[in-house]
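Here is a short briefing on a protein model, grouped by topic. Please look over the sequence and the structure before reading on.

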Amino acid sequence: MMNVPGKSDWSIVPEKRLNKAGRTAEEAVEGRDQAKRNSSQQNTLRTQSRNGVPSALERVRQVARRDKGAKFTALAHHVTLERLREAYLTMKREASPGVDGVTWKEYGQQLGENLLKLHARLRSGRYRARPSRRAYIPKADGRLRPLGIAALEDKIVQGAVIEVLNAVYEEDFLGFSYGFRPDRSQHQALDALAVGILRKKVNWVLDADIRGFFDAIDHEWMMKFVRHRIADRGILRLIQKWLAAGVLEKGKWTKGDKGTPQGATISPLLANVYLHYVLDLWTQQWRTKHAHGDVIIVRYADDFIMGFQHRQEAESYLKALRERLQKFGLELHPEKTRLIEFGRYAAEHRKARRQGKPQTFSFLGFTHICATTRAGRYLLKRQTMAKRMRGTLSEVKTQLRRRRHQPLPEQGRWLGSVVRGYFQYHAIPTNIDALESFRTQVIWLWHASLKRRSQRTRLTWERMRRIATTWVPPAKILHPWPEQSFDARTQGKSRMR
């Protein structure tokens, strides 16, 4: 079914939704073997029917897992009517429309008929990808990040295709790749990085950032990489259409010669495929052949951190990395890429050389710091990046100004949800001071906003504290220590080499 050349079969027979299988999120910070009884094995059992026959996509997973050289020639028929429906239902309801101007709600008013027509166009080859609508969102540093908002039907088809392709690529991607993958999260990447620094001999950290990665992806190389595994002509044509669709900005269409728009549903998967071949496999090979000391890597999309035992090996890798990326049209950001001394003995070594405290680095919203406990033991301290906190507080201030004349309970419920959401991500061990600081500043902003409602206000700080206690949750740690979380997920059976 998978390896026999032939024309793609676009079947309209609905197929049951399948659990997304993949390797455990903790599979080696350094590319170690899978833990026994991992999620792939568990999902295999869950996705089998009552008589023990694997489902269609599960058979694809099994072939991809068993034969790393297999090319899949018959995948398009897995993009079923039911899978299109599920892709629609999992979309964000309030997302901005693309160039078609169609919202999620409008499309759903005649969902059955719309999906039947969409599926028919896919089967007949009449489906055409529309250009992405250019939009900009503010970044924490005040600059604007360009996004490409796809048309609604393009999002639906891309979502369905992603589920099919994940059956193949989740068996290929390496364990240290965490970004935008099923059953993986930013906190798992943070945990893996922390455990790698604490348990391996890390003395130097490479904080790497690829300049304009999503805009620099070479389409020719992208399709070559996809063809390593995918030989289905229908799927390949879809990917080519999405890459070439271009961007529409202020009525002007720009041809898509390179890059994949940030914001398109398919972009994260394509980005992972590109970096899997350009960076991950190459780094794994380099580490095996050239490194004599410990080397760790954690990658989240185009942002990755590496730890080295020896400075000479770190510098050698960095030089080779620049040459490797250049071959595929990429380059490291000169201002955001740094090699710094970091780790258990960094403070001691730098003090002996009279070089001051170790430098810090940031990853996924947290600044990582070499610190010590009260007992004098080494502590990897992680605290919220200052510019991220400032950005959130600025948005809170703006929203409070707009909500100034709302009833106090309504403001309180909204503000409480904002603080809880902020804590849900940032409430990790060693970050309690930053959490308390954030809560204090939110209350101060709320107090200032309430006082501006009237010149005769009698809102004292004593009363404000009572109001804050009612509506704003207290700062407390919500996440376990990284070693505990990491070991619990790997069941203590993962090997680190």
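**Aromatic cluster and fold contacts**

F213, F214, W221, F225, Y274, Y277 and F328 are linked into a cluster by ring pairs. Rings of Phe, Tyr and Trp (its six-membered ring) pair if their centres lie within 6.5 Å; planes under 30 degrees apart count as stacked, over 60 as edge-to-face and the rest as tilted. The model is predicted: local features need pLDDT of at least 70, side-chain atom pairs count only at pLDDT 80 or more, and totals for chains, interfaces and linings use all residues. Residues are numbered from 1 along each chain as its sequence is written, and side-chain values use heavy atoms, with hydrogens and water left out.

**Rings and charges**

- The structure holds 19 aromatic pairs.
- Y169 and F173 make a stacked pair, 5.6 Å centre to centre with 15 degrees between the planes.
- Both Y169 and F173 are buried (under 20% relative accessible area; exposed is over 50%, partly exposed in between; 1.4 Å probe, protein chains only).
- Y422 and F438 have ring centres 3.7 Å apart and planes at 10 degrees, so this pair is stacked.
- That pair links distant parts of the chain: Y422 lies in helix 15 and F438 in helix 16, 16 residues apart.
- Y422 is buried at a relative accessible area of 6%, and F438 counts as buried at 0%.
- The charged end of K224 sits over the ring of W221, 4.7 Å from its centre. A charge sits over a ring if NZ of Lys or CZ of Arg is within 6 Å of the ring centre and within 35 degrees of the ring normal.
- The charged end of R184 sits over the ring of Y178, 5.1 Å from its centre.

**Strand 3**

- Helices (H or I, at least four residues) and strands (E, at least two) are DSSP runs, numbered from the N terminus.
- Strand 3 (residues 204-209) is mostly covered, with six of its six residues buried.
- In a regular strand the side chains alternate between the two faces of the sheet.
- W204, L206 and A208 point one way from strand 3, while V205, D207 and D209 point the other way.
- Strand 3 runs antiparallel to strand 7 (residues 303-308), joined by six bridges. Two strands pair if DSSP finds at least two bridges between them.
- V205 stands opposite G307 in strand 7.
- Strand 3 also runs antiparallel to strand 8 (residues 338-341), joined by four bridges.
- L206 stands opposite L339 in strand 8.

**Sheet 9-10-11**

- Three strands form an open antiparallel sheet in the order 9-10-11.
- Strand 9 (361-363) and strand 11 (378-384) are the edge strands, each pairing on one side only.
- The twist averages 40 degrees from one strand to the next. Axes are lines fitted to C-alpha atoms, for helices over the stretch in contact, and angles run from 0 to 180 degrees between N-to-C directions.
- Helix 7 (residues 186-199) packs on the sheet and touches strand 9, strand 10 and strand 11. Contact means heavy atoms within 4.5 Å.
- The direction of helix 7 makes about 155 degrees with that of strand 11.
- Strand 9 and strand 10 (residues 366-372) pair over three bridges, with F361 opposite H368.

**Helix 15**

- Helix 15 (residues 408-426) has 19 residues and spans 26 Å from first C-alpha to last, close to the expected 27 Å. The expected span is 1.5 Å times one less than the number of residues.
- Buried residues in helix 15 include W414, L415, Y422 and F423.
- The buried residues of helix 15 pack against elements including helix 7, strand 10 and helix 16 (432-451).
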